[in-house]
Amino acid sequence: MKNLLTGAATAVALTMGANAAYADCGEVSITEMDWASSAVVTAVATFLMEQGYGCTVQKVPSSTVPALTSLAETGEPDILTEVWANSTPAYQPLVDSGKLIEVANVLSDGGVEAWWIPAYLAESNPELTTWEGIMANPAAVGGKFHDCPSGWACDIINNNNLKAANIEGSGLERFQHGSGETLQTSIASAFSEKAPWFGYYWAPTAVLGKYPMVRVEVPAYNAEAHACNGDVDCATPVFSAYPAAKVATAVSGPFAKENPEIVELLSNVSFTNAQMGEVLAWRLDNNASYDEAAVHFLTSNPDVWGAWLSADAKAKLGALLN
Amino acid sequence: MAFYDGLFSVLGLTEWCKGGDSAAPMSMADLLAKSSGKETSGPLFPFPSLDNLSESCSSIIQSRDVTKGIENGFLAAKPGLKAVLDPITQPLSWLLDGALWTFAAVPWFIMVPILVAIAWYASRSVGVTVFVAFSIFLLGLVDHYDVAMQTLSIIFVCTGISVMLGVPIGIAMSKSDRLQRVLVPVLDLLQTLPTFVYLIPLIFLFSVTESKLYGIAIILYAIVPVVRLTDLGIRLVDQDVIEAANAFGMNSRQKLVGVELPLALPNIMAGINQTIMMSLAMVVIASLVSAPGLGVNVLRGIRNLELGVGIVAGIGIVLLAVILDRVSKAALSRVDMTRVKH
Amino acid sequence: MAQEPKVSLRGLYKIFGAKDKDVLQHVKAGMGKDELLAEHGHVLGLQDINVEMQAGEITVVMGLSGSGKSTLIRHLNRLIEPTAGEILVDGEDVMGLSETGLRGLRQEKMSMVFQKFALLPHRTVLQNAGMALAVRGQDKAACETEAMKWLARVGLQGFENHYPAQLSGGMQQRVGIARALTANTDIMLMDEAFSALDPLIRTDMQNLLLELQEELHKTIIFITHDLDEALKLADHLVILKDGAVIQQGEPQGILMNPSDPYIEDFVSDINRARVLRVQSVMEPLTGTKFAGDVGIRENLESLIARSGGDTTLHYRVMDGDVAVGELNMKDLVKALVPRLSSTQAD
């Protein structure tokens, strides 16, 4: 009798405990940034949290700076996906102060920021794969350097690099795009007529996933020089390549304390550039939505994401893992 | 079993349906179903949309094929369109580049007096002229002179072209009911279609590095008021006066120049005033497609959450708007002979 | 000696509607205005108008609202196109004119004065008056000289540089008249030209018109709904009702012999003593004793005053220096009562 009672009590406690684990998850808010790779990450993470951990997930469309500011001031949203740490001066202070907890490098290879020319151009004019080659014949790349919009960190960095490389009067002109959309479209447009193109872009993105581009060789990465280049008042810029960019998932301090299971999951969620590039290119080719791209990833890589889950979650999602 | 399976078997189309390409990507709903082992429970009676129908019959295209088709159609038409449109719009690039260069090259101590003189000549009002001078100095004080001049030059060129094209179109519309019926939906489209929707494809036609891209963006939006109000103004001219003009044997040109345009002038000037305002409204969107000027500062402020930068640039745009509004309204009341005070 | 009429309307029809030429046959068969509207949705504007307007005369077309008088006058310069019929000006069919020919007609042969003045509000009085000449392509100096002359003639000297909005209604209409006169055309069309003016000004303008006509002998076609005005101005009076001509002829004749109950009603209210003239009531000269001489154009009222109410008197009627008839006061008194009494007398 006593055993029965103890057994019953334990069972109740266990059940309650299990329920408590789910009840702890409750409502979660996660950002959905306005670029492709981030949207895929959000879609995958949302699915896993909802189906594996029983959360009610609210997706918050946003972009980097507003999301960071909101989190710093109000503690919402709970999870920030794909913060490109190098490009966001506001990020490090928040981590240092404990308001933000960095939990993973969601892009494990790091983001690639570089200067590119189209593959067809590199093939026909191999000398253009180096900076010297381009400076010797700027007209061959179209005479223009396509730069990122005002307000992006790369705007300042590229500007300083170009100053250091002294392009004044060389025949190469810096053209600043008004928005990321026009930068991306200029690449698509160049490819549609095999026209020359030269400028800044980053991976993993749909564009670099779909259109084969070749990196232009520039002077190697120099940490000091790059740090100065990030400052608009850098006195003597020195030409330096970009480092591999840290792209992190971050959560708010209070959320981390209350939801260790979710934090555990998120610290595991990570994509290589190859994986992300493949998903993004697949999405473009099939004219699919971000949800469908996430489904594609989930159905093609059960081993990969299976390893991210806790035992309970694995059990719940067993049907898909087999 | 999708909802519309029954429909196709009733229609005897099952064989034909099987012939289709059923490689649609798996949807989230399907994945959820697979995961929980339950049948997807969709709505009770789903709308007969292309996607829902193609679930039952893979020969029916999906909506995504429609969008892809439009895209392919555009890309196929592109070389032809480009060959025609590029040369026609080249003068716009020259004008914009020329204006930007001029406004930048002329030093401020020559430029500002010229602008103030134009304001005086147009408005003949001390209040307006003083306000114009004061605003320009204010903008210069906060180191926004250069960007303000860039925006101003773009507005001048785009408004000038809008008026030069828009007034004749409005006149033509006022003479032909049929033309009006055709053009009014086009004008509605230009005012409501989100600019980015047609701008991004335009980048395929013209290089984004050409200034005509944002010139076209501004003109297509801003030309609408002057066209509408010219049409309206001419149609609203007192029919008794037109009858008298006819009775005394005026031909169409004499009527247009001697009677209709002068009497429609208040409405036409209102249209020009609105065109200027709408050009300024487009400044930020133009900067999204690489136009220089105050819009760039606004965007920077938005992107970096530098609130002050954005607000100051925004106020700069407002100041320019108010200057141009006051000057054009003052010029209007001078020109409008029908309101001679007595 | 019947001379060619200056303007001639023959078999003129106007139906308003999309299929006017198709429904014309119904109208010719006798369908009326109400029936046409109900069955075919078309409005009958003018029915079988046959009017001749002689050169140098004032022809007044009179009728109530909806009678078609405004429509009629606008056919003369083809501001409105007829459904059927001929419009002859100086023997030439206006319908056969090309665009250029029509403009030439409007510039050279016809001018028009409008009820609501229709001046160009953005031009000065002088420019408005000179408009017709400017349209023809004459240079500014020539237009201005001619315009000043006619403005002075209508009494607007000194107002040349005013704008229409600064003038009163009467003055604006004088500009309208000056404009028509400056055009120097043979034919002047006047569409209810004085209807928008107050009664005293209206009288002034009517007198001005008669004065000008004495000098210029233009062919004037004048529209009005006012019977008194019509009787004062008309050499030839045309009465319209529902788009058809009810009676036309010499005004005095219509007064004495109305052909239609409608017209009888129409004329019943007027002051016959003031309007009727001696010439309408006089008899041929038989040479009896006369109490005095009266002018042929004097109205009966002045004669009643002169006779002191004595109905036994006879007067000799003089046209200038020539004796043309005699007038018995008894006839005069009988004429004061509308036709019914004259039939009884017969």
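## Reading a predicted three-chain model

Chain A and chain C do not touch, and their nearest C-alpha atoms lie 48 Å apart.

User: Okay, before anything else, what kind of model is this?

Analyst: A predicted one. Keep that in mind as we go through the chains.

User: Which pair of chains has the most contacts?

Analyst: Two pairs of chains touch, and the pair with the most contacts is A and B. That contact takes 32 residues from chain A and 28 residues from chain B. On the chain A side, the elements giving two or more residues are α3 (64–74), β7 (173–176), α8, α14 (290–300) and α17 (318–321). By class, that side has eleven nonpolar, 17 polar and four charged residues.

User: And how many residues does the contact between chains B and C take from each?

Analyst: There it's 18 residues from chain B and 20 residues from chain C. Chain B's side draws two or more residues from each of α12 (239–247) and α13 (252–281). α12(B) gives the most, with six residues. The classes on that side come to ten nonpolar, six polar and two charged.

User: Let's zoom in on chain A. What does its overall build look like?

Analyst: Its secondary structure comes to 17 helices and ten strands. The C-alpha trace spans about 95 × 40 × 30 Å along its principal axes. Of the 322 residues, 41% count as buried. As for contacts with a separation of 6 or more, 76% are between residues 24 or more positions apart.

User: How do I read a helix, say α8 of chain A?

Analyst: Start with the general idea: an α-helix has 3.6 residues a turn, so residues three or four places apart point the same way. Then check the length. α8(A) covers residues 180–192, and at 1.5 Å a residue its 13 residues should span 18 Å; the end C-alpha atoms are 19 Å apart, which agrees.

User: Which residues of α8(A) are buried?

Analyst: The buried ones are A:T182, A:L183, A:Q184, A:T185, A:S186, A:I187, A:S189 and A:A190. What covers them includes β5 (112–118), β6 (144–147), β8 (199–203) and α9 (206–210) of chain A, and also α10 (195–205) of chain B. So part of the cover comes from another chain, given that contact here means C-beta atoms within 7 Å. Just after the helix, A:K194 takes a positive phi of about 50 degrees.

User: Now chain B. How is it divided?

Analyst: Into domain 1 (5–61) and domain 2 (77–341). The C-alpha centres of these two domains lie 51 Å apart.

User: What does B:Y221 touch, leaving out residues up to four places away in sequence?

Analyst: B:L190, B:Q191, B:T195, B:M278 and B:M282. For a sense of distance, B:D177 is 44 residues from B:Y221 in sequence and 23 Å from it in space, C-alpha to C-alpha.

User: On to chain C. How do I read a sheet?

Analyst: Strands of a sheet pair through backbone hydrogen bonds, either parallel or antiparallel. In chain C, six strands form an open sheet in the order β6-β7-β8-β3-β9-β10, with mixed pairing. The edges are β6 (110–113) and β10 (244–249), each pairing on one side only. From one strand to the next, the twist averages 15 degrees.

User: How do β3 and β8 of chain C run?

Analyst: Parallel: five bridges join β3 (residues 58–62) to β8 (residues 219–224). One of the paired positions is C:V60, whose bridge partner in β8(C) is C:F222. Helix α3 (residues 69–76) of chain C packs on this sheet, touching β3, β6, β7 (187–191), β8 and β9 (236–241), and its direction makes about 155 degrees with that of β8(C).

User: What is the order of the three-strand sheet in chain C?

Analyst: The order is β11-β12-β13, in an open sheet with mixed pairing. β11 (292–295) and β13 (322–328) are the edge strands. Neighbouring strands are turned by 40 degrees against each other on average, direction ignored. Four bridges join β11(C) to β12 (residues 314–319), and these two run parallel. Within that pair, C:D293 stands opposite C:R316.

Key
Residues numbered from 1 in each chain as written. Chains lettered and ligands numbered in written order. Predicted model: local features only at pLDDT ≥ 70, side-chain atom pairs only at ≥ 80, totals over all residues. Pairing = 2+ DSSP bridges. Axes fitted to C-alpha atoms, helices over the stretch in contact; angles between N-to-C directions. Expected span 1.5 Å × (residues − 1). Buried ≥ 20, exposed ≤ 12 C-beta atoms within 10 Å, placed from the backbone. Domains from an automatic or database assignment. Nonpolar A, V, L, I, M, F, W, Y, C, P; charged D, E, K, R; others polar.
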